[in-house]
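Work through the exercises below with the sequence and the 3D view open. Each task is followed by a solution in steps.

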Amino acid sequence: MSKTILQGGRVIDVSKAKEIKADILLEGKKIIKISSDLNSEDIKSAKIIDCTDKIIAPGLIDMNVHFREPGRDEEETIKSGLSAALHGGFTAVVMMADTETPIDNEASVEFVSNQARRAHSAKCYPVGAITVGLDGERLTEMGLLSRAGAVAFSDADSSVEHSGVMHRALEYADMCGKPIISFCRDASMIGSGVMAAGDVATELGFSGIAPLVEELRLYRDLALAEATGAHLHVAGISSRKSVELIREAKKNGVKVTCDVTPHNLFLSDICIQDFNTSFKVYPPLRGKEHRDALMQGLVDGTIDAISSHHNPVGLEEKQQEFLAAPFGAIGLESTLPVLLTQAVGRGKLTIAKLIQKLSFNPAKILQLDGGELKEGSVADITIIDTKLANTIDTDKFYSNSANCPFDGYHASGRAIAVLLNGKYISL
Amino acid sequence: MKWTKKHLLGLKDLDRNELNMILDTAEGLKEVSTRSIKKVPALQGRTVALLFFEPSTRTSMSFQLAAQRLSADLIQFNKSGSSLSKGETLIDTASNIEAMGVDMVVVRHSCPGVPQILAKHLNCAIVNAGDGCHEHPTQGLLDIFTIREKLGTLEGVKVAIVGDIRHSRVARSNIFGLLKLGAKVTVVGPPTLIPKSIAKMGVEISYNLDETIKKVDVVNCLRIQMERQGRSNFPSLREYALLFGMNRDRLKKASKNLVVMHPGPINRGVEMTAEVADSKNSVILQQVSNGLACRMAVFYLLNGSRIDV
């Protein structure tokens with residue numbers, strides 16, 4: 001079998017959240033050795049890839065993406081979505097169940113896996129729906145869905161309204177050893193809100209979405225998680241109070257994890273002043289006090305992961321008036337450059353800590369392979385140049401959609417190559 | 001001073017001098033409507049298109065007359081029976097109308113920001129005739145014009161705006177304009193109709209009209225739009241009228257020269273009693289006449305800013 005050496009890179013040891021200078025020897029699909037002095041035997045027979053000054057990270061995992069196949073393929077197929085993932089530096093994604101025909105049965109789970117296999121691209125782990133047809137009432141066959149490959153259960157962007165159903169879902173999913181991913185949103189509190197409540201919304205004449213919409217539901221779900229002892233993963237939090245609630249719950253031993261999106265971290269509701277619908281996202285972009293709290297949550301470990309919530313919306317849909325345009329932003333091809341620039345570049349997170357949030361923790365939360373560079377493990381690796389200047393340009397995206405709020409953003413740093421099952425792919 | 005703005009999208013975008021310039025121009029043009037031949041040739045050869053995606057009678061009529069008195073040609077588009085029902089987008093519709101050689105587009109739409117979007121996509125001048133709950137700049141101008149006409153100045157004038165502030169574009173445009181010209185504004189209504197963050201715009205908030213009415217020079221009662229009320233922002237019209245309607249008792253508590261305004265159409269018995277609406281304090285019909293003058297002024301100034309090829 002052919003051998004490859006990634007030579008001279010800054011290898012991320014995620015478990016210790018630090019980087020070490022080492023070479024990585026690969027053979028076939030596997031990592032054979034990580035060492036700062038490989039023997040001459042190894043070096044002689046291997047193909048050398050010079051990685052001087054580059055970050056060698058375990059393959060990045062986006063734990064919350066929406067693709068549109070089957071149903072609205074023109075917005076994103078599994079293939080186009082995975083291609084976007086790969087070019088953004090992600091070797092795996094976790095796909096939500098809210099396709100037009102939801103992933104609520106074994107056949108749908110297998111369909112996703114099969115399409116992903118045929119794409120010969122990044123890996124795709126399906127999430128099964130909590131309820132049939134995302135109706136919030138009838139539980140799916142979680143046992144069978146797990147067996148078919150579902151890695152978690154979630155009704156995606158619709159929160160289960162009925163507390164009794166959510167209670168049973170947590171109990172049942174726990175039996176299957178899978179987390180419930182909850183997108184906290186109390187529908188009765190949203191009204192006709194289209195952006196964050198606050199002075200910007202008031203001035204523009206838009207109904208606001210108060211942080212309470214998220215927090216009220218979070219209170220409930222945390223209480224249910226505590227009562228059942230099941231693993232709750234809260235997707236996409238956006239408010240200061242949510243960070244505090246989760247911090248407190250973790251302290252009290254509740255089995256809860258959570259993630260945040262790059263746009264909720266770095267973009268503010270002021271962006272909406274020009275009525276650009278790319279900034280119409282859910283949860284909505286909020287003010288500085290919330291964004292600072294989210295960053296603090298990342299730093300102190302309250303927030304476990306960063307995920308794009310990649311949500312493709314067609315141009316003709318987004319070109320409508322602000323009220324009529326759907327919520328949603330794509331992020332697979334902007335997440336890493338934006339984070340390298342805004343979080344690492346500005347000294348808020350170390351690169352090792354960032355990789356934890358983008359790889360190690362998602363893998364741990366969902367019990368996926370990868371997330372760590374270990375001898376003997378599958379060689380899914382992301383190679384990052386932290387200095388490379390680049391501009392986010394939706395015209396060059398591999399995604400079928402272009403609704404990226406970071407379009408035009410000047411970043412410093414991006415992925416330059418990935419290894420997928422040991423295969424080197426230059427980006 | 002020369003007028004430089006291409007569009008009138010909102011009063012937020014105008015500075016004090018620009019506001020005064022429109023008001024002064026309106027004052028001059030008001031006289032035209034008192035002549036026996038009510039027409040001047042200022043916009044001769046220009047075409048104005050009225051795009052109303054939301055029903056309107058008086059604003060639409062006022063804009064029509066304003067354009068006609070300045071000798072502009074006029075075309076009108078209303079949502080019903082248009083190609084929008086065939087799935088054409090807003091920008092398609094507007095671009096098609098512009099392609100017919102229109103110089104100015106007056107647009108009303110239920111979504112905030114539509115005039116801004118049109119301004120970005122079209123070459124002609126855009127006049128906002130009301131965008132959702134965002135702005136209604138010509139209504140703001142005519143309200144301000146009317147106060148200035150009545151009291152001689154806006155500096156230090158205390159204005160109460162009563163009603164559904166949350167959903168009111170009239171309130172927002174009034175607030176932007178009045179504050180820039182030195183007036184003080186208090187918004188009055190139940191908390192469910194007043195977002196707390198409105199205070200950031202620089203206004204006082206009051207939930208008690210009986211207290212506020214004693215201290216103000218002007219009360220502007222907004223129309224309660226039942227279609228915007230969603231689910232129970234207040235319990236009943238009866239209760240609203242009792243707590244926030246202008247009536248004889250409240251008129252008595254107020255200054256003798258209180259100026260009573262309403263953007264129309266009035267729900268008599270809700271926002272104000274008939275007695276108040278028809279009292280000597282009421283300037284509601286002057287507002288309508290002034291609206292015409294203000295809209296003529298806007299057309300006149302925007303036309304002057306055009307660069308002729």
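This is a predicted model: local features need pLDDT of at least 70, side-chain atom pairs count only at pLDDT 80 or more; totals for chains, interfaces and linings use all residues.

**Exercise 1.** Decide for A:Phe275 and for A:His120 whether the residue is buried or exposed, and give the phi of each.

Solution. Step 1: A:Phe275 lies in the loop between helix 10 and helix 11 of chain A, and its phi is positive, about 60°, although it is not a glycine. Step 2: the relative accessibility of A:Phe275 is 3%, so it counts as buried, the cut-off being under 20%. Step 3: A:His120 is in the loop between helix 3 (106-119) and strand 8 (123-126) of chain A, with a positive phi near 45°. Step 4: A:His120 has a relative accessible area of 71% and is therefore exposed, since exposed means over 50%. Step 5: most residues other than glycine have a negative phi.

**Exercise 2.** Check the length of helix 14 (residues 351-366) of chain A, then describe its course and its surroundings.

Solution. Step 1: helix 14 has 16 residues, and at 1.5 Å a residue it should span 22 Å. Step 2: its end C-alpha atoms are 22 Å apart, so the two values agree. Step 3: helix 14 bends by about 45° at A:Lys357. Step 4: 14 of its 16 residues are buried, leaving the helix mostly covered. Step 5: just after helix 14, A:Gln367 has a positive phi of about 50°.

**Exercise 3.** Describe the interface of chain A and chain B.

Solution. Step 1: 14 residues of chain A contact 20 residues of chain B. Step 2: the two chains bury about 1400 Å² between them, with 61% of it on carbon and sulfur atoms. Step 3: in chain A, the most area is lost by A:Thr202, A:Glu203 and A:Phe275, together 41% of what that side buries. Step 4: two salt bridges are counted between the chains. One of them pairs B:Lys12 with A:Glu203, the closest N and O atoms being 2.7 Å apart.

How values were computed. Residues are numbered from 1 along each chain as its sequence is written. Chains are lettered from A and ligands numbered from 1 in the order in which they are written. Side-chain values use heavy atoms; hydrogens and water are left out. Helices (H or I, at least four residues) and strands (E, at least two) are DSSP runs, numbered from the N terminus. The expected span of a helix is 1.5 Å times one less than its number of residues. The bend at a residue is the angle between axes fitted to the seven residues ending there and the seven starting there. Buried means under 20% relative accessible area, exposed over 50%, partly exposed in between (1.4 Å probe, protein chains only). Contact means heavy atoms within 4.5 Å. Buried area is the accessible area (1.4 Å probe) that two parts lose on being put together, summed over both. A salt bridge is a side-chain nitrogen of Lys or Arg within 4 Å of a carboxyl oxygen of Asp or Glu.
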